[in-house]
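The sequence and structure come first.

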Amino acid sequence: MPSLHELVRAHTDLVEDDVAWLQLLMADWQILADLSFADLVLWLPDREGKGYWAGGQMRPTTGPTALVDDVLGTFIPAGRRRMLDEAFTTGRLVREGDPEWRDDVPVRVEVIPVRRAGRVIATIARNTNLLGVRTPSRLELSYLQTAADLTQMIAAGYFPLSEQRGDHADSPRVGDGFVRLDPAGRVVYASPNGLSAYRRLGLQGDLAGLVLTDLTRELVPARRRPDEETLSAVLGGRDGRATEVGTDEVTLIVRSIPLRPQGERNGALLLVRDVTELRSRDRELVTKDVTIREIHHRVKNNLQTVAALLRLQARRTGAEDAKAALEEAVRRVGSIAIVHETLSHAVEETVDFDEIADRLGSMVVDVSGVGVRVRVVREGSFGKLPSEAATPLAMVLTELLQNAVEHGYAGQEVPTAGHSGRVVVTARRIVGRLHVVVEDDGRGLPDDFDIDSSTQLGLSIVRTLVESELGGVLEIGPGSRGTRVQADLPVE
């Protein structure tokens, strides 16, 4: 199905500010659909005046739908639906006296002009399935009265409110808890769910007739409620935003929508949601994240201890081969420690591998014993990688950089001032693949080099990690001047 932006660009003359207004409206129009017990369809005017395009659709959760099929993206020519033409032309709410019959279902249709900055930029068709209409209860009457106020606000350009969007995951909905306030902040009506939410805070009796801000101060300790300005503005119905209140056992989100159908505020709609369980899970996730980061921190410390012990052993070893092997082990352990150190500071189990690659390049150059000044340069970006891929890739990069420095430049004379060896690490992400190239300008590969018959431990580690651990492909060959190694890896 086409998006609102696609339809606007393809068929209308609406500007960016108009689209932003419509997006704010659609972020909150589930509230209007639920209060109206009706389906909503947003109709956009065609740039050539030929008709209207359906730019959005919303079904109610409080009643039966009047639209069995999706209409998003459909077109209605001008003149076919008189109510759309009239609402767009006059800028007034248009109601049909007799219901329309759709699939043996009587449907009442109303069209609401959407006004912004004095202009009608779209219309909303409200479609009510009359088979679901019964003698209204007090709850339904309160819903419908509030829907009527919001409808007049849309037609006058007072709604949506720009202070806060209502499409966040934890934002309250009509069914969570409905409270209607008068201009003084006194409760006129509270739905059963709204009343239950406050009874969980400790309310005894009914909400009707009580000043909600005063009641909340009594029920909620000062340390668990917002500042006085926010409390009075939101729970008094004067400001269109949300806040959290609660006790040690219960947490509520309260969202306020001031109602001013004629321009002056005549009260407010408050939506209340009990998010106690949600906040409990949030705290558990935070605790889990902290624990995971602490584990990574301790692993990093233990690896650094192992590296220090290996380094100490290398210093006491007289055999040069053994000393070189221990120093290589120190570098390998150090590369893994860098990954865990980065993960110990990360909120998620992913790491920005660019930082790791840069640190590994500096580490390899600092500990190399070649007589040439070598620079490691990164081009492109690795991006974020999961920890299970970052650790083996860090070891692969360490080995490749170490080989490039030691085998590419070892034994060469110290270069003149201003000249140095250069190792370039190139990283590119393309369609689910990560392409990594390490290329140096050193002496190049021996004439008899064969990757399949090579007995080097470092190269064996690289092949095993790339092909088995990371599921990638490794290629080694001559570069433009020295040696070029390429690894092609799948990434999420």
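## Confidence

The model is predicted, and its protein chain has an average pLDDT of 86. A pLDDT of at least 70 is reached by 91% of the residues.

## Helices α6 and α7

Two packed helices are described by the angle between their axes and the distance between the axes. Helix α6 spans residues 212–219 and helix α7 spans residues 228–235. Their axes come within 9 Å and cross at roughly 130°. Angles of 65 to 115 degrees count as roughly perpendicular and those over 145 as roughly antiparallel, so α6 and α7 are oblique to each other.

On the α6 side, the contact is made by L212, T213, T216 and R217. On the α7 side, E228, L231, S232 and L235 take part. Sorted by class, the contact of α6 with α7 has three nonpolar, three polar and two charged residues.

## The buried side of α6

The buried residues in α6 are L212, T213, L215, T216 and L219. They lie on the same side of α6, because the arc they cover around the axis is only 160°. An α-helix has 3.6 residues a turn, so residues three or four places apart point the same way.

Several elements cover the buried residues of α6. Among them are the strands β8 (178–181), β9 (187–190), β10 (242–246) and β12 (267–274). The helices α5 (192–201) and α7 are also included in this cover.

## R481

R481 is located in the loop that lies between β18 (473–478) and β19 (483–490). Its relative accessible area is 60%; exposed means over 50%, so R481 is exposed.

Leaving out residues up to four places away in sequence, R481 touches D440, D441 and G442. The C-alpha atoms of R481 and G444 are separated by 7.1 Å, with the two residues 37 residues apart along the chain.

## A404

A404 belongs to helix α11, which covers residues 387–409. Is A404 buried or exposed? Its relative accessibility is 6%, and buried means under 20%, so A404 counts as buried.

With residues up to four places away in sequence not counted, A404 touches Y409, V423 and D440. D440 is also touched by R481. L7 is 397 residues from A404 along the chain, and the C-alpha atoms of A404 and L7 are separated by 54 Å.

Note on methods: Residues numbered from 1 in each chain as written. Predicted model: local features only at pLDDT ≥ 70, side-chain atom pairs only at ≥ 80, totals over all residues. Heavy atoms only, no water. Axes fitted to C-alpha atoms, helices over the stretch in contact; angles between N-to-C directions. Helix = DSSP H or I, 4+ residues; strand = E, 2+ residues; numbered from the N terminus. Parallel < 35°, antiparallel > 145°, perpendicular 65-115°, else oblique. Contact = heavy atoms within 4.5 Å. Nonpolar A, V, L, I, M, F, W, Y, C, P; charged D, E, K, R; others polar. Buried < 20%, exposed > 50% of the residue type's maximum accessible area, 1.4 Å probe, protein only. Arc of directions from axis to C-beta. pLDDT = per-residue confidence, 0-100.
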